[in-house]
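Visitor: I would like to learn how to read the features of a model like this one. Please put it on the screen and start wherever you like.

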Amino acid sequence: MELFYLIVFGGLAVIVATMELSKNNKDRINTPSAFNSFKNNYLLVYSLMMAGDWLQGPYVYYLYTTYGFGKGDIGQLFIAGFGSSMLFGTIVGSLADKHGRKRASITYCITYILSCITKHSPQYRVLMVGRILGGIATSLLFSAFESWLVAEHNKRGFEQQWLSITFSKAVFLGNGLVAILAGLFGNLLVGSLAMGPVAPFDAASIFLAIGMAVIISSWTENYGDPSESKDLMTQFRGAAVAIASDEKIVLLGAIQSLFEGSMYTFVFLWTPALSPNGEDIPHGFIFSIFMLSSMLGSSLASRLLARASVKVESYMQIVFVISSASLLLPVITSFLVAPSKEKGGSITFAGCIQLLGFCVFEACVGLFWPSIMKMRSQYIPEEARSTIMNFFRIPLNIFVCIVLYNVDAFPISVMFGMCSAFLFIASMLQRRLLGVAERSRQDKVRELEAEPLNI
């Protein structure tokens with residue numbers, strides 16, 4: 001393996017370890033054993049769920065190429081996944097609120113396992129079914145688990161600030177450490193053991209099955225809307241009214257869609273960006289480098305969220321600007337660095353520069369997840385949490401589908417330029433959210449001061 005990858009990985013590992021070991025009492029919150037037990041149970045489940053997801057990530061695009069599909073066909077398969085998430089996401093989110101988040105979490109495991117099984121077939125239609133199942137599973141992953149956590153946290157009477165501990169730990173472990181190990185494990189299965197590109201999907205099924213067993217045996221059920229008589233359309237209308245009546249929820253949804261849309265487009269584009277001429281790159285190891293960068297971001301987020309004086313709405317403006325600049329690097333290198341015309345070989349100089357920029361973007365992703373979770377817990381009403389969160393995914397999936405549908409029409413540098421522009425817009429909307437939230441806090445303070453004292 002090239003020395004460059006090892007240097008980047010080692011450097012990031014040292015930085016992350018230093019940040020974690022240097023935490024002081026200001027960066028930590030003392031919590032009781034009852035909360036710690038609850039938190040650790042959730043972190044175990046979340047880590048297993050994310051292991052099932054991350055094992056697949058680096059090899060989806062690669063698996064399709066081994067079956068002989070080109071970039072256009074692969075783009076259509078990805079569109080099927082995001083389109084499925086868009087069409088069915090709100091429905092499954094509402095069902096989770098109505099019939100239980102625990103049941104929805106179990107459904108996620110079953111659906112994703114079925115999606116993994118389809119990867120054994122080289123038939124386009126079977127793979128398309130797998131992408132549709134994967135889209136449904138993704139909607140559940142990013143709504144049902146967080147909704148269960150927030151509801152159960154509040155039901156047990158834990159302090160609101162402690163949610164940020166669970167969020168940051170979940171991202172650090174599930175989106176960081178577990179993802180790194182998943183990338184290395186996948187690289188071992190495909191590379192060293194030569195078990196083929198479908199092996200990580202089989203391993204993912206095993207982790208999902210273990211996680212499902214833990215959920216069944218240790219989780220209690222909770223619901224969103226307590227009224228069992230409400231049908232789906234009534235739930236949709238209630239969620240839509242909640243969104244339309246609160247500018248903070250609208251802004252939060254737009255910010256999430258812009259960032260995640262850029263992030264999922266990056267997931268599709270990073271492989272062809274780093275190997276435009278079929279360069280031999282270690283997909284699993286690079287993925288681990290990205291996840292180590294994400295751990296760096298989540299470690300920094302845990303420090304920021306532990307300080308009551310630091311406003312999440314404030315520092316996220318800077319995060320979005322930095323992420324926008326990082327995805328602008330492929331555009332800059334396309335002008336400043338002459339493209340290599342040699343087929344195969346190792347990663348190019350331009351590829352090395354882009355990889356470093358992508359590491360910065362992944363660090364921003366690590367900051368984004370616990371921060372957006374914190375803001376969602378503050379602004380989204382509990383009774384329709386899963387429904388509203390999946391409403392947010394509708395514009396996200398439309399955006400990604402449009403990008404992937406036109407993936408052959410534009411150079412990769414143009415696609416990265418669009419993502420950079422959307423991230424800059426997100427920073428502007430975050431600035432607006434900060435102002436609206438501050439005015440809302442001031443209005444509440446004035447209302448409390450105006451209330452007569454009951455003596």
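Guide: K155 and E152 are three residues apart in helix 7, so about one helical turn separates them. Helices here are DSSP runs (H or I, at least four residues), numbered from the N terminus. This is a predicted model, in which local features need pLDDT of at least 70 and side-chain atom pairs pLDDT 80 or more, while totals for chains, interfaces and linings use all residues. Residues are numbered from 1 along each chain as its sequence is written, and side-chain values use heavy atoms, without hydrogens or water.

Visitor: What do K155 and E152 form, and how far apart are the closest N and O atoms?

Guide: Side chains of opposite charge can pair when their charged atoms come close. K155 and E152 form a salt bridge (a side-chain nitrogen of Lys or Arg within 4 Å of a carboxyl oxygen of Asp or Glu), with the closest N and O atoms 3.3 Å apart. E152 also has a salt bridge with R156, at 3.2 Å between the closest N and O atoms. These bridges share partners and join E152, K155 and R156 into one network.

Visitor: Is E152 buried or exposed?

Guide: E152 is buried (under 20% relative accessible area; exposed is over 50%, partly exposed in between; 1.4 Å probe, protein chains only), because its relative accessible area is 2%. R156, at 40%, counts as partly exposed.

Visitor: How many salt bridges does a search of the whole structure find?

Guide: The search finds seven. One of them pairs E146 with R376, whose closest N and O atoms are 2.4 Å apart. E146 lies in helix 7 and R376 in helix 15 (residues 349–379), so this bridge ties together parts that are 230 residues apart in sequence. Both E146 and R376 are buried.

Visitor: How many of the 12 residues of helix 7 are buried?

Guide: Ten is the answer: 10 of the 12 residues are buried, so helix 7 is largely enclosed by the rest of the structure. Among the buried residues are F145, W148, L149 and V150, along with the charged E146 and E152 already discussed. After helix 7 comes G157, which has a positive phi, near 75°.

Visitor: What span should helix 7 have, and what do its end C-alpha atoms show?

Guide: The expected span is 1.5 Å times one less than the number of residues. For helix 7 (residues 144–155) this gives 16 Å, and the end C-alpha atoms are 16 Å apart, which agrees.

Visitor: Which residues make the nonpolar surface patch?

Guide: A patch joins residues with over 30% relative accessible area and no salt bridge: nonpolar side chains (Val, Leu, Ile, Met, Phe, Trp, Tyr) within 5 Å, like charges within 9 Å. Here L87, F88, I91, L95 and I132 make a nonpolar patch of about 400 Å². Helix 4 (residues 71–99) gives the largest share, four residues. I132 sits in helix 6 (residues 124–141). With a relative accessible area of 32%, I132 is partly exposed.

Visitor: Which residues does L296 touch, leaving out those up to four places away in sequence?

Guide: L296 touches L12, I15, V16 and M19, where contact means heavy atoms within 4.5 Å. L296 belongs to helix 12 (residues 283–305). Its relative accessible area is 18%, so L296 is buried.

Key
Accessible areas come from the Shrake-Rupley method with a 1.4 Å probe; for residues, only the protein chains shown count as cover. Helices (H or I, at least four residues) and strands (E, at least two) are DSSP runs, numbered from the N terminus.
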